[in-house]
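This briefing covers one protein model, topic by topic. The sequence and structure come next, followed by the notes.

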Amino acid sequence: MENFKIVNRNTGATHFLNSQEYATFVQRNNFYKDGVCQYDEYNLTKEKARRRNKMLDLVAHLCIIGASILATLIYIQNY
């Protein structure tokens, strides 16, 4: 189940909705008024996945750097 954050551009009102509530919200509210979008939509589920992937990438890079430093130290110690 996905989670959404919807912010009204005019009033700044914030709504946190799951996928069922989001579908109901879209049916009842007009997203466009006079050709201009009234709401900013954020898919919080995708944002959370992006944040987790960035953290895992950072950990992977740090492990590679640590392994290369360790290998260099072992190489220096042996000679």
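Which residue caps the N-terminal end of helix 2? In this predicted model, the cap is Asn43, with a side-chain oxygen 3.2 Å from the backbone nitrogen of Thr45.

- An open sheet is built from 3 strands in the order 2-1-5, and the pairing is antiparallel.
- Strand 2 (14-18) and strand 5 (39-43) are the edge strands, each of them pairing on one side only.
- From one strand to the next, the twist averages 20°.
- Strand 1 (residues 3-8) runs antiparallel to strand 5 and is joined to strand 5 by 5 bridges.
- Lys5 has Tyr42 in strand 5 as its bridge partner.

**Helices on the sheet**

- Helix 1 (residues 19-28) packs on the sheet and touches strand 1, strand 2 and strand 5. The direction of helix 1 makes about 125° with that of strand 2.
- Helix 2 (residues 44-78) also packs on the sheet, with strand 1, strand 2 and strand 5 as the strands it touches. The direction of helix 2 makes about 50° with that of strand 5.
- Helix 2 is 35 residues in length, and its first and last C-alpha are 51 Å apart. That span is close to the 51 Å expected at 1.5 Å a residue.

**Aromatic pairs**

- The structure holds 5 aromatic pairs.
- One of them is the stacked pair of Phe4 and Tyr22, at 4.2 Å centre to centre and 15° between the planes.
- Phe4 is in strand 1 and Tyr22 is in helix 1, so this pair links distant parts of the chain, 18 residues apart.
- Phe4 counts as buried because its relative accessibility is 11%, under the 20% cut-off. Tyr22, with a relative accessible area of 18%, is buried by that cut-off too.
- Phe25 and Tyr39 form an edge-to-face pair, because their ring centres are 5.4 Å apart and their planes lie at 80°.
- Phe25 belongs to helix 1 and Tyr39 to strand 5, so their pair ties together parts 14 residues apart in sequence.
- Both Phe25 and Tyr39 are buried.
- Phe25, Phe31 and Tyr39 are linked into a cluster by ring pairs.

Notes:
Residues numbered from 1 in each chain as written. Predicted model: local features only at pLDDT ≥ 70, side-chain atom pairs only at ≥ 80, totals over all residues. Heavy atoms only, no water. Pairing = 2+ DSSP bridges. Helix = DSSP H or I, 4+ residues; strand = E, 2+ residues; numbered from the N terminus. Axes fitted to C-alpha atoms, helices over the stretch in contact; angles between N-to-C directions. Contact = heavy atoms within 4.5 Å. Expected span 1.5 Å × (residues − 1). Polar contact = N/O pair within 3.5 Å; in protein donor to acceptor, adjacent residues only side chain to side chain. Phe/Tyr/Trp six-rings, centres within 6.5 Å; stacked < 30°, edge-to-face > 60°. Buried < 20%, exposed > 50% of the residue type's maximum accessible area, 1.4 Å probe, protein only.
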